[in-house]
Amino acid sequence: MFARVIQACLRYFDRTFLDLGRQMRWSYLPPLMVYMAYGVSGITGIVGTFYVKEYLSLSAQDLAALGFWAMLPWAIKLPIGHAVDLLWRWKAWLVWAGALLVFASFSIMVGLIGERAAMEAIMSANSWYQLSVLIAPLGFVLQDVVADAMTVEAVPHFDAQGSPIDPAARRAMNTTMQTLGRVAIIGGLAAVALANVAMFEGVEKLDAAAKQAIYLKIYSVALCVPLLSVAGVLLASWMRLREEKRLAALGIDADAMRHGLPDEGDEGITRPNWLILGGSIAFAGISIGLGMARVKYGQELIFVLSATVILFLMWRLAREMTPEMGATLIGTSLITFAFRATPSTGAGVGWWQIDVLGFDQQFLSILDLIAYGLTLAGLFGFRRLMAEKSIAWNVIMLSLVGTALSLPTLAMAFNLHHWTAAMTGGVVDARFIAVFNTALESPLGQIAMVQGLAWIAITAPPRLKATYFAVMASFSNLALSAGQLGTKYLNQIFVLTREVKDANGLVTTPANYNDLQALLITAILLGLILPIGAVGLAKLRRWQSG
């Protein structure tokens, strides 16, 4: 009996973890390196949170509004995606451009922390920080569009002998590719979380100057992050040349093999879609104009405009599909949008955890390390679930579980941790509850994302892989922009403030967390109602999900 249990556990471990490693192909490595660069950039996450809290005067709603603008490049990926399809031979230049923007963003923060007086002689510290936050996403979007398209190209349509690969096997490869993409991002985040734990050792005993030196060191290390994505495209170029030589030796057309298509002649050439390019450039110009002019309700106008453009493009895509596939596109998009559009509580809850619960930089880094480590395990462990269950089923499950796992934080807002600490001799305190909650919650958020990316990769037209990925990703990222708007509204209704002092040490804004409980309850209810309501609507209209 015991031997059978051991054998069953070993089979599960082999099927869940080792099998994914066996499915890894060298062709997957270049896009994974670009994805990992995005994950490694998270090394500045904890530092950014504390720097804003300790040295800047931005409010929670200011940061939520900034988050909307930072998400805007992700919502307008379409012209970049189409440009990648048109300039696929020169895709490396886009990655280089993205790397330069990311480098510039981190350089601003290095200057702001190390030479604040000199930077403020040009413009305010708040403005420098906002500029840094806004240009980094532009760089990551450029690189992400290329990586998304590279994932489609990385999954072969033919085996080594030139025989077509079974569609079911290719679907499994796409799921594996997208799972590995998430593993690369989360693995990068986990690695830098571990680095942060080490770098923040003993931070609670340091004075302000010593803490600032650590902040500067971390941002200086982050300057090396863009090199990883650049190395990915260089590796892809070398691997492509090697593969073309191998295929030529077999007498097989290398271009047809790479795209999974027969020799197409002129029909295989991607031609400019001036409606996409012109409309997207006009949209980008209007968005920038509204943002710089500080038009009232400018964010809402941009959101409506971007939603109109993206929905029109999705409608055009749906017209090119079979009725069944078009209905699936609508259902999958609606459910994914609702799941990702749920607003968060904003920066104020983090400030409360720092000020009231006493979470310092190292402890938050430990929470990140636990979260990312268990998320990696979850991506492996739930891989079969992602392949076998529909997106609708998983969204319902994730919404219910996510709601349940939000309750410990809500309970601490009602001072439950004081009671548990008193009952357990100080063992089950706020930090214990936070660690336990993080361990349970961490793997959940990536499941629906991997499913959605795999579905997009499976249905992407080979000649328009970047454009198709960009349209669908733009819609998904539009949901995140909607979530940022919702977060801003919640922070306008339920105002949380941390203590802010001026240069003379005088308190200009007192700490106020009186609305914390109402904010948490509202956010939890929205996170439950919106996704499940979208699934119900899709079922009512008989729209299937991928």
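Visitor: Which residues touch the most other members of the largest nonpolar core?

Guide: A nonpolar core is a set of buried Ala, Val, Leu, Ile, Met, Phe, Trp, Tyr and Cys residues joined through side-chain atoms within 4.5 Å, where buried means under 20% relative accessible area (1.4 Å probe, protein chains only). Here the largest one has 72 residues, and Leu-112, Tyr-129, Phe-200 and Trp-352 touch the most other members. Helix α8 (residues 125–154) gives the most to this core, 11 residues; helices are DSSP runs of H or I, at least four residues, numbered from the N terminus. This is a predicted model: local features need pLDDT of at least 70 and side-chain atom pairs pLDDT 80 or more, while totals for chains, interfaces and linings use all residues. Residues are numbered from 1 along each chain as its sequence is written, and side-chain values use heavy atoms, leaving out hydrogens and water.

Visitor: How do the axes of α19 and α24 cross?

Guide: Two packed helices are described by the angle between their axes and the distance between the axes. The axes, lines fitted to C-alpha atoms over the stretch in contact, with angles from 0 to 180 degrees between N-to-C directions, come within 10 Å for α19 (residues 391–413) and α24 (residues 516–540) and cross at roughly 170°. That makes α19 roughly antiparallel to α24, a term for angles over 145 degrees.

Visitor: What does Thr-403 touch?

Guide: Contact means heavy atoms within 4.5 Å. Thr-403, in helix α19, touches Ile-524 and Leu-528, not counting residues up to four places away in sequence. Thr-403 is buried, at 16% relative accessible area.

Key
Helices (H or I, at least four residues) and strands (E, at least two) are DSSP runs, numbered from the N terminus. Angles under 35 degrees count as roughly parallel, over 145 as roughly antiparallel, 65 to 115 as roughly perpendicular and the rest as oblique. Buried means under 20% relative accessible area, exposed over 50%, partly exposed in between (1.4 Å probe, protein chains only).
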